[in-house]
Each structure stands twice: as structure tokens, then as C-alpha cells.
Amino acid sequence: MAYVFANTTTSIGSAIIHNLSIRQIVSIDFEFSQPLCDYIAEWLVEDYMEGSNLISFANFGNVQFTSAIAFGAIRYNYSPSDGDIFNIQQNSQLLTSVTIDTGNSVLVQYI
């Protein structure tokens, strides 16, 4: 379960991620140089680089984001279906499959 709290009229907020499997909570505070103003919300599973090389992508099985809603000032909320889906591809091989259901749940599967 993950929550993001952001004041869209200022540049501050926090993200709280609750891992229900191991009962661990992580909180991250953030600050940007400009107000957030309903600009963007992301639910991510991503690969990364070390220097100029991609790190081998681990088989993570499935990752599910539930109650994935971003609350904003201009519009009441944004759900994943309001955005775009990007799958991870490495060396021309598709590595993930993403699906969104009507209950604001995002499932990312390693394939």
C-alpha cells in the first residue's frame, strides 16, 4: 500500500510506502523548486543504470499497487487509468506487462 501526500499549492510533500508482506513502512519527504500544481503522479517499477550500463533486471514476479489514487487541487483525484503505461524493455526484449483495473489497482508482472 502506498500513499503520497503533496500540497499542490506549494512544493513540498511526502510519500509513504507500506509493505504489507513484511509489515514495514518507509516514508520519504520531498521538495521541488516549483509548486506541484496537479502536475504529475507516478506509480513506478523501474530499471536503472550504473554509469552508462543497464543493470540486469531482476525477476520480481508481480508488484501490485492498490488504491493508486493521487489527490489534487484542480481535479479531485487522478487514477492510473488517466495516464500512460510504459513497459520495461531491455535489449529489444519486453520484460514487463502492466494492467490497470477499474478499482484503481495497477499490476506489474515480470514476463
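Arg 23 is exposed, with a relative accessible area of 74%; exposed means over 50%, buried under 20%, and partly exposed in between, with a 1.4 Å probe and protein chains only. Arg 23 belongs to the loop that joins strand 2 (12-19) to strand 3 (24-31). Strands here are DSSP runs of E with at least two residues, helices are runs of H or I with at least four residues, and both are numbered from the N terminus. The phi of Arg 23 is near 55°, a positive value in a residue other than glycine. Most residues other than glycine have a negative phi.

The model is predicted, so local features need pLDDT of at least 70 and side-chain atom pairs count only at pLDDT 80 or more, while totals for chains, interfaces and linings use all residues. Residues are numbered from 1 along each chain as its sequence is written, and side-chain values use heavy atoms, leaving out hydrogens and water.

The chain has zero helices and twelve strands. Of its 111 residues, 22% count as buried. The accessible surface comes to about 8,400 Å², and carbon and sulfur atoms hold 52% of that; areas come from the Shrake-Rupley method with a 1.4 Å probe, and for residues only the protein chains shown count as cover. Among contacts with a separation of 6 or more, 44% are between residues 24 or more positions apart, where contact means heavy atoms within 4.5 Å.

Ile 28 is partly exposed, at 47% relative accessible area. Together with Ile 17 and Val 26, Ile 28 forms a nonpolar surface patch with about 250 Å² of accessible area. A patch is built from residues with over 30% relative accessible area and no salt bridge, with nonpolar side chains (Val, Leu, Ile, Met, Phe, Trp, Tyr) joined within 5 Å and like charges within 9 Å. A salt bridge is a side-chain nitrogen of Lys or Arg within 4 Å of a carboxyl oxygen of Asp or Glu.

Asn 91 sits in the loop between strand 9 (89-90) and strand 10 (93-94) and is exposed at 73% relative accessibility.

Gln 90 is in strand 9 and counts as buried, at 13% relative accessibility. Leaving aside residues up to four places away in sequence, Gln 90 touches Asp 47, Leu 54, Ile 55, Ser 56, Phe 57 and Leu 95. The side chain of Gln 90 also reaches the backbone oxygen of Ile 55 at 3.4 Å.

How values were computed. A polar contact is a pair of N or O atoms within 3.5 Å; within protein, one must be able to donate a hydrogen and the other to accept it, and residues adjacent in sequence count only if both atoms are side-chain atoms.
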